Amino acid sequence: MSPAGLEPLIPARTSLVDWYLRNRRRSRDIFDLIETAAYYSRPISLRNPIVFYEGHLPAFSLIAFIKRGLGRPGVDERLEELFARGIDPETEASAVPRSGRATVWPSRDDVLAFGRAADALIVSALRDAALDGSRPAMRRAEGIYTALEHELMHQETLLYMWHRLPHGHKARPSDLTYERGSEIPPAPARVRIPEGVATLGADRAALPFGWDNEFQEHRVAVPAFDMDVFNVTNAAFMAFVEDGGYARRELWSEDGWTWRAQEQVEHPLFWRPGAGGWLWHGMFEDVPLPPAWPVYVSWAEAAAFAEWCGRRLPTEAEYHRAAFGVPDGSERRYPWGDEAPDASRGNFDFRSWEPVPVGARPAGASAWGVHDLVGNGWEWTSTVFGPFPGFEPMASYPEYSADFFDGQHYVMKGASPATAKELVRRSFRNWFRPNYPYVYATFRTVSR
């Protein structure tokens, strides 16, 4: 292989262009869902206004691929600086999106024009640029993949924001449907997983691309434990709510209790009280709370529920053991085996606006019979986000992980309904603050 390590990519230039343009079309469709009046709003106070993100996606691709990867200029230095990076504040008080001249946001027409210029430059480079890998950010085509997967990740986080917008500010799809299942969820079940070894991370030589926190591959001994077969459902979480779980200080961590008290949290963010009972706050309307759907909650709420059960959240290694381990000691590429992800294996890749009943995709179960480990909601773990042995910041996006190795974020694994299939890989890691309730994140418990 050449120093660039790019020979296998050269024949695939057309597919790279197709992938990039497919990303851009989906992003445009997502932004077109919202009314013009909402464009400068901040549906989540801990994030930038919506306008920022429509400019951020092409700006980031320019920075990662064109500027860092190829060493070429972008299209508009001022807008690239404005849209370069988002925010992840701990509190609303510190969530100031920008200061000085950059607080004056451009019109949507200007943002779209910037995006078109960026797209033209990027597509041209994908087709014709010399991808020699002489710059660190283009070794093994890193800058290209960074741009492509970054947009996929943001498409999901955009939907977290859209979920907080009033329903009247979004265009309701004409084919909107729900998979509710039975009013009686599957009976709670647990499976014993024997001690064994879990492989975390990825081998750099074996994976075409991975984010820096996915490396390096290493093996971890995992003691025996038992795990919930299904994610905690709305019905199961209801028992915690009705037992006064949100008012019982002994169930909560110190930080979790402080957040709960300050924000006056009394139920999951995706629930709404209604005249006839609880409602699920959906993307386009509120519907009667589906008891068999997985509950979506913050890490703090998940940990409090686990404590209420006399159990705990699984570690990242336990998740891997349950998801990819096999009784004979080998490991699978996916929970279900080595077959590529598809709609029969789980609720992911934007196939549904909402969850589906737990256990509704049995073809995706692991070798131990654990369901929905990929899809239907990210899985909270008890593991604090940090580097693996051999961690090296990526040249195309050096701050991607390192800025979050602060002890204030927890690892999530799996996928949600809005996770692109390209991100469904064993080593992929997601992370959020424990008091961030907007994520499509659920959980299951394990024995102490």
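Reply: Gladly! Let's begin with pairing: two strands pair if DSSP finds at least two bridges between them. Please keep in mind that this is a predicted model.

Me: How do you know that strand 5 and strand 6 pair?

Reply: The cut-off is at least two bridges, and 4 bridges join strand 5 to strand 6 (residues 277-281). The two therefore count as paired, and they run antiparallel. Within this pairing, G274 stands opposite G277 in strand 6.

Me: What makes strand 5 and strand 7 edge strands?

Reply: The open sheet has 3 strands in the order 5-6-7, with antiparallel pairing. Strand 5 (271-274) and strand 7 (286-288) each pair on one side only. Neighbouring strands here are turned by 40 degrees against each other on average, direction ignored.

Me: Which helix packs on this sheet, and what does it touch?

Reply: That is helix 6 (residues 234-242), which touches strand 5 and strand 6. The direction of helix 6 makes about 70 degrees with that of strand 5.

Me: What does Y410 touch, apart from residues up to four places away in sequence?

Reply: Its contacts include W299, W380, T381, F385, W431 and P434. F432 is also touched by Y410, and F432 is the bridge partner of Y410 in strand 10. As for G277, it lies 133 residues from Y410 in sequence and 33 Å away in space, C-alpha to C-alpha.

Me: Why is helix 9 said to be largely enclosed by the rest of the structure?

Reply: Because 9 of the 9 residues of helix 9 (residues 316-324) are buried. Among them are E316, Y319, H320, R321 and F324. The buried residues of helix 9 pack against several strands, including strand 2 (196-200), strand 3 (218-222) and strand 9 (410-415).

Me: What makes strand 2 mostly covered, and which strand is joined to it by 5 bridges?

Reply: 4 of the 5 residues of strand 2 are buried. The 5 bridges join strand 2 to strand 3, and the two run antiparallel.

Me: Finally, what makes a set of residues a nonpolar core?

Reply: The members are buried nonpolar residues joined through side-chain atoms within 4.5 Å. In the largest one, with 104 residues, F65, W162, F237, W380 and F443 touch the most other members. Helix 2 (residues 50-67) gives the most to this core, with 11 residues. A second, separate core has 26 residues, including M227, V229, W336 and V358.

Me: Which residues does W162 contact, leaving aside its neighbours within four places in sequence?

Reply: W162 is in contact with I30, F31, L33, I34, I50, K170 and M283.

Key: Residues numbered from 1 in each chain as written. Predicted model: local features only at pLDDT ≥ 70, side-chain atom pairs only at ≥ 80, totals over all residues. Heavy atoms only, no water. Axes fitted to C-alpha atoms, helices over the stretch in contact; angles between N-to-C directions. Contact = heavy atoms within 4.5 Å. Buried < 20%, exposed > 50% of the residue type's maximum accessible area, 1.4 Å probe, protein only.
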